[in-house]
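Please look through the sequence and the structure shown below before reading the notes that follow. They are arranged by topic and are meant to be read beside the coordinates.

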Amino acid sequence: MSDWYSGDSPPLPLGAPFRPGLDALPARHHVWAVLKDAQGRPAHGEPREALRAVTQPLPTIGPNEALGYVLYAGLTYNTVFAARGVPISVFDMHDRDLHVPGSGAVVLVAAVGAEVAREGRLKVGELRVLYPGVSDLLSPRAGEDPMHADFKIQGYETPDGSFAQFVRGQAPQWLAHSDRLTLPEASSYMLDLETVYKALYDVAGVRPGERVFVEGAAGGTGLYAIACAVLRGARVTGLVSTEAKARRIAERGAAAVNRIKAVFTGIFTPVPADAAARERWIEAGRAFTERVRSVSDGASMDVIVSSVGRDLFSRMIDLLGHGGRLVFYGATSGYTLTFLGKPGIAPVTEMYARVGLRPHQGVLVYHGLTPTAPSDAVDDPTAEGAIETALAMGARVVVATRTDAQAAHLKRVRGLAGAVSLETLGRARGFVWPDAMPDYDTDPEAYRRYQDATLKPFGQAVGRLLATADNPRGYPDVVVERAGQDTLGTSTFLARPFTGAVVFVEPSEGRRFSFYAPNVWMHGKRVLFPTFAVLGSHLSNAHQAQECARLVDAGALPVHSPEVHAWDDLAEANQALHENRHSGTLTVRVGATEALDTARTARQVYEAWGSRFLDGKTVRARIDPVRRGAPELVALVTLDSPPANALGTEVLGDLERVLDALESERHLRAIVLAGAGSMFVAGADIRQLRAAADAEEVTALAAWAQRLFTRIGRMKAPVISAVDGYALGGGNELQMACAWRVAGARAELGQPEINLHVIPGFGGTQMLPRLAARRARVVGGQMYTLLVDALAILLDGRRRSAARAHAVGVVDEVAPADALSHALGVARRLVTGEFSGVLFSPLADGATLAFPNVERDPEIARLLAHHAAVPRSAPAAAILEVVRVGLTEGLPAGLALEARRFGELTAGEDGRAGIDRFLARRSLPLPLRREDA
C-alpha cells in the first residue's frame with residue numbers, strides 16, 4: 001500500500017496468535033480508520049465509504065496504561081457518528097490525521113505500564129474487557145467521579161479506538177472477563193449495558209415497583225434496559241416496531257406497545273412551534289398515551305429510558321406522571337428535542353435542594369418574565385426570590401435581565417456577582433436573542449448562526465462573572481429557567497458539564513421547550529421541573545462498568561449473543577447499523593478466527609493457538625511453541641494457591657509433578673516461573689509449620705524443598721523467575737534457585753524468618769551469600785561489602801525493593817514494568833540465541849569460599865545487638881553458623897545444617913511462640929533499616 005498512512009514494516013497477520021511476552025510486539029498494526037485526504041480534509045461519508053483498512057504504528061503506553069491484543073471488537077453507533085462526521089467531525093476533537101474508531105473489545109493484556117505493574121491488578125496474557133472511557137486520572141475532580149475529569153469516549157472523542165489489532169487503555173478501563181460469556185459476547189455488551197445500568201440505577205434512580213417505559217426496547221440498549229429494570233423489580237413496558245420484537249421483549253418480562261399501528265401514523269414528530277398546530281398535535285397523541293396506560297394498569301410512567309431522540313422524545317414526556325424522570329443517553333433520529341411542560345409549582349428552596357446547591361457555586365437566574373411571557377417590569381418576584389435564596393445559601397449569583405432598567409434595579413441586591421442585560425448585549429453587532437432555539441436537524445446553518453450570535457456572546461458575558469480557577473469558563477452550576485420563555489437550548493448549553501442543572505419553579509403546562517440533545521446527554525446535565533425531570537446520562541464511569549461485569553458474572557444480567565462479522569466486513573457492518581438493518585448487537589473478529597467464536601477462557605484461546613497445559617491443583621504449566629512450525633518449546637509454570645501462593649506440602653508436591661512432566665518434554669528450551677494473582681510467593685505455609693509434630697518433620701520438609709529447588713537450579717531447560725509483588729521467605733528462596741531472576745517494578749524481596757524466631761530453611765542461607773559473591777565477581781564490587789549486605793537481608797528480616805535486591809545480586813534484572821512479560825521475552829531470546837546473559841543458579845554452585853569475621857562489622861554488630869536485646873539471639877547465631885559452614889565446607893554441608901537448624905528452631909518453644917506472635921500480628925520489633933536508622 002503506497003498511501004501516506006501505511007508503512008513498510010509489516011504488521012502481525014490478522015487472526016495470528018499473539019502470546020504476550022513470548023511474542024515480540026510488532027512495530028505496526030492493522031486498523032480501520034476515518035482518514036484525512038492528501039490535502040488534510042476529513043474524508044467523512046457513509047460508513048462503507050469513510051472507513052478504511054490501513055496500518056499505523058503501534059501505540060506506545062504510559063505508566064498508567066496497558067496495551068491489549070484485540071480478539072473481538074464490538075460495534076456501536078459511535079463509529080457511525082465518527083464516519084459521517086455528525087454532529088461534528090471527530091477531527092475537531094483531536095489533532096491527529098487518522099481516527100481509529102471502536103468503543104469496546106475483549107483483549108489479551110499485551111503489555112502494562114510501570115504504575116499498572118506496580119498496582120498488580122492486571123497481568124499480561126489474561127483476558128480483559130475494555131471499558132471505553134478515558135479521563136484525567138490525576139485531576140481532583142476524578143475523586144468525585146472520573147467522568148467529571150476531562151472524560152472522553154475512547155474511539156469517538158479520542159483517535160485510538162478498538163478497531164485495531166492493539167488498543168491502548170488506562171488502567172481503570174481493563175475490567176474482568178466472565179467465563180460465563182463467549183468472547184464475542186464479552187466484546188459487545190459493555191458500552192450498551194453500562195450505559196443503561198448507569199442511566200437507570202444511578203441517574204434515574206429506578207425503584208422497585210415503579211413503572212418503566214423503554215424506547216427501542218428490542219434493540220441493544222433497549223434489551224439491557226429491560227433486563228436492568230426487571231432485575232430492580234420494576235414493571236416494564238417497551239416500545240417496539242414489530243410483533244416479533246414484542247414477543248422478544250415479552251420473553252424478558254416486559255409488556256409491549258407496537259408503534260407501527262395505523263392509529264399512531266404521523267404522531268411521532270416534534271412539538272410544533274405554531275400554537276394552533278400544537279393543539280392538533282396534542283389531540284393526535286392521545287391515542288398513544290391511552291394505549292401505553294392501558295398496558296400499565298391505567299397509570300403514567302415513573303421512568304422513561306430514551307435514546308431515539310427527535311421523533312419520539314416529545315411523546316415520551318407526555319407519558320410521565322407526577323415525579324417522573326426521563327433519562328436519555330442518545331438521540332439517533334435527530335438532536336433537536338422538543339416537549340411540552342406540565343402543571344406544578346415548587347418553592348425555589350426545594351429545587352435548590354434537589355440539585356444540591358452548595359456555597360460558592362455559580363447560579364444564573366433569568367429576570368424579567370412571568371409564567372407565560374417576557375416582561376419589561378423592573379420587578380420580578382420569582383427571579384428575586386431565587387436570587388435572595390441562592391445568596392443566602394452562599395452561592396455566587398449572576399442575573400440575566402431583558403432590559404437595562406431591570407439590571408439597574410438589581411444593583412440594590414448586596415452580594416450579586418453581576419447582571420447581564422440582553423438590551424446591552426443587543427447593542428453589539430450581530431447579537432440575537434431568538435424566541436426559540438433554531439432546529440439543528442432541519443436547518444443546521446441557522447443553528448450555527450445561533451451558536452455564534454447567541455450562545456457564545458451570552459455565555460462569555462455570564463462566564464466572565466462566574467469564572468473561578470477550577471471553572472475558568474464560568475459555567476453556572478445551576479440555571480433558574482423560566483416558563484415564560486423557550487431558552488432551554490441556551491441554558492443547557494451554559495450549565496456546567498456533568499454536574500450542572502437547569503431548574504424551573506413555575507407551572508409550565510402547555511409551554512413548548514426545545515434544546516440540543518448532546519449538550520444534555522453527553523455532559524450528564526439535568527433539567528428539573530417541579531413535577532418531572534429530564535436527565536442526561538452519558539456512558540458510565542469505570543466503577544459502574546465494573547458493577548455491570550460483576551452482575552454478568554453472577555448470572556444476574558444476561559448478555560445477548562452478537563452477530564459476528566469478519567474483519568474485512570467491518571465497514572459494511574457499520575453501514576447496516578446506520579441503516580437499522582441489524583438485529584441486536586454486532587462484533588467483528590480482529591485477532592480471533594472463527595475457531596474462537598465459542599471460546600470463553602484464555603486457556604481456550606491459547607489451546608487454539610497450539611499451547612498445551614499441565615494441570616495440578618495449585619501449580620499449572622502452559623507449554624508454547626516458540627515459533628510456528630519449529631519444535632522448540634517454552635513453558636510458563638504458575639503457582640496458584642490463594643491468597644499468598646504459600647509453599648506447603650501440596651504446592652511443593654504439585655510443583656514436583658509439573659517438573660517431572662516438563663523434564664519429559666524433549667524440545668523444551670526454557671521455563672518461566674511465576675505466581676498467580678498479585679504476588680510471586682509470600683513464603684512457606686506458616687500454619688503448616690506450626691502444626692508440625694516435631695523437629696524431624698520440619699527438617700524433612702525443608703530437605704524436600706531444598707532438593708526440589710536444587711532440581712530447579714539444575715534443569716536442562718533453564719528456569720527464569722518472574723517476580724511480581726512479594727517474594728518473601730520460601731518465595732525468595734524459590735526465585736533465587738532459578739538460573740535467571742527477573743523482578744518487576746513493584747517486587748519486594750526478603751527473608752523475614754527471623755521475625756518468627758527461625759531461620760530460612762529452603763536454601764536461603766546458602767543462596768544469598770553465593771549470589772552476592774557472584775555479583776562481586778561478574779559485575780564488580782567489594783566482596784566483603786556484598787557479603788555483609790547479603791547477611792543483613794538474613795538478619796534484619798526486612799523487605800528490599802527490586803532495585804536494592806538487584807544491587808546485592810539477588811535478582812539479575814529489574815524489568816521496567818512487570819516481570820512476567822520480561823521473563824517470557826528472556827525465554828524467547830534464549831531459544832532464538834539472542835540472549836547474552838550468563839545463567840547461574842546458586843544451587844548448582846558447589847564451590848567453597850573464605851568467610852570473613854563479619855561479627856566485627858558495624859552493621860552486623862548492630863543487628864546482632866538488636867536481636868540480643870529483643871531477645872532473638874538463637875536464630876541470629878544460627879544464621880551466621882549455617883552461612884559459615886556452607887561457604888567453608890561446601891553447599892551439601894550447608895544445606896544439611898540449615899535444614900536441621902530450621903527444624904530445631906521451628907519446633908522449639910521459642911520458634912512456636914514466635915510463629916504464634918506473627919500470626920497474631922504481635923511480633924517483637926525488627927531492627928531499623930540501615931538507610932532509615
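In which sense, parallel or antiparallel, do β18 and β19 pair, and over how many bridges? In this predicted model, the two strands β18 and β19 pair in the parallel sense, and four bridges join them. The chain that holds them has 933 residues, of which 60% count as buried, and its secondary structure comprises 32 helices and 36 strands. Along the principal axes, the C-alpha trace spans about 105 × 65 × 60 Å. Among the contacts in the chain with a separation of 6 or more, 73% are made by residues 24 or more positions apart.

- Strand β21 (residues 501-503) and strand β23 (residues 526-528) pair in the parallel sense over three bridges, and V502 has V527 in β23 as its bridge partner.

**Strand β18 and its partners**

- Strands β17 and β18 run parallel and are joined by six bridges, and the bridge partner of Y366 in β18 is A400.
- Between β17 and β18 the chain passes through helix α12 (residues 381-392), and this β-α-β crossover is right-handed.
- Six of the six residues of β18 are buried, so the strand is largely enclosed by the rest of the structure.
- R396, V398 and A400 point one way from β18, while V397, V399 and T401 point the other way, and all are buried.

- Helix α10 (residues 310-319) is mostly covered, with eight of its 10 residues buried; among the buried residues of α10 are F313, M316 and I317.

**L326 in strand β15**

- L326 is found in strand β15 (residues 320-328), and because its relative accessibility is 0%, L326 counts as buried.
- Leaving aside neighbours within four places in sequence, L326 is in contact with residues that include F313, M316 and I317, each of which is also a buried residue of α10.
- The other contacts of L326, again leaving aside neighbours within four places in sequence, include I304, S306, A533, V534 and L535.
- L326 and M301 are 25 residues apart in sequence, and their C-alpha atoms are 9.3 Å apart in space.

**Nonpolar cores**

- In soluble globular proteins, nonpolar side chains tend to be buried together.
- The largest nonpolar core has 215 residues, and those that touch the most other members are L71, L200, F288, F328, Y352, V363 and F458.
- A second, separate core has 86 residues, including V658, L662, L708 and L786.
- Leaving aside neighbours within four places in sequence, L200 is in contact with G205, V206, V212, A225, C228, A229, V303 and V305.

**H565 in strand β25**

- H565 has its place in strand β25 (residues 563-565), and because its relative accessibility is 18%, H565 counts as buried.
- The side chain of H565 makes a polar contact with the side chain of E563, at 2.8 Å.
- Leaving aside neighbours within four places in sequence, H565 is in contact with A573, L586, T587, V588 and R589.

Key. Residues numbered from 1 in each chain as written. Predicted model: local features only at pLDDT ≥ 70, side-chain atom pairs only at ≥ 80, totals over all residues. Heavy atoms only, no water. Buried < 20%, exposed > 50% of the residue type's maximum accessible area, 1.4 Å probe, protein only. Polar contact = N/O pair within 3.5 Å; in protein donor to acceptor, adjacent residues only side chain to side chain. Contact = heavy atoms within 4.5 Å. Pairing = 2+ DSSP bridges. Right-handed = clockwise from strand over helix to strand, strands pointing away. Core = buried A, V, L, I, M, F, W, Y, C linked by side-chain atoms within 4.5 Å.
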